[in-house]
Amino acid sequence: MNSWDVAADGVMRLPSGRLVRGRGLRNPLPEGPSPDFGLYAQARQPPSFLWESRWIRWHDFWLPSDRSEFRSALEELLRRSETERVEIACGGGFGRTGTALACLAVLDGVAAEGAVTYVREHYSHRAVETPWQRRFVSGFA
């Protein structure tokens, strides 16, 4: 099984034990192995990566443009996280990334009303930046 080092920057353990990395695309690629699959939340399609990826149109500080596509992408990422190194990233690595990680945690069994707290405790205290992102997570089920 390909997996992240649980102690590496940005790596979050889901309740199921699966690991996912969150990061900001404006920062250099972290040292260590590359992801096998990445989900990227950006207003514009990012450049291609050396690994398989999926892009979700999502403007900074807002919500995903296509919510059903977003859910489908998260379900794929969760499924792949069982055997692959997966990551979620946006520009800074906190708002969109944190919101996506919180929704992923909901899919993995965290109660929607506790998902933002879960991600802030296990990923970054800065995760999920806006009130509407918090509301989106609390309604994600």
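Which residues are buried in helix 1? First, the basis: this is a predicted model, where local features need pLDDT of at least 70 and side-chain atom pairs count only at pLDDT 80 or more, while totals for chains, interfaces and linings use all residues. Residues are numbered from 1 along each chain as its sequence is written, and side-chain values use heavy atoms, with hydrogens and water left out.

Now the helix. Buried in helix 1 are Phe-70, Ala-73, Leu-74, Glu-76, Leu-77, Leu-78 and Arg-80; buried means under 20% relative accessible area, with a 1.4 Å probe and protein chains only. Helices here are DSSP runs of H or I, at least four residues, and strands are runs of E, at least two, numbered from the N terminus. Among the elements covering those buried residues are strand 3 (37-42), helix 2 (95-107) and helix 4, where contact means heavy atoms within 4.5 Å.

On to the rings. The structure holds seven aromatic pairs, with ring centres within 6.5 Å, the six-membered ring being used for Trp; planes under 30 degrees apart count as stacked, over 60 as edge-to-face and the rest as tilted. Phe-70 and Phe-140 have ring centres 6.0 Å apart and planes at 65 degrees, so they are edge-to-face. Phe-70 lies in helix 1 (residues 67-80) and Phe-140 in the segment after helix 4 (131-138), so the pair ties together parts 70 residues apart in sequence. Phe-136 and Phe-140 also have centres 6.0 Å apart, but their planes are at 50 degrees, so that pair is tilted. Ring pairs link Trp-58, Phe-70, Phe-136 and Phe-140 into a cluster.

Note on methods:
Buried means under 20% relative accessible area, exposed over 50%, partly exposed in between (1.4 Å probe, protein chains only).
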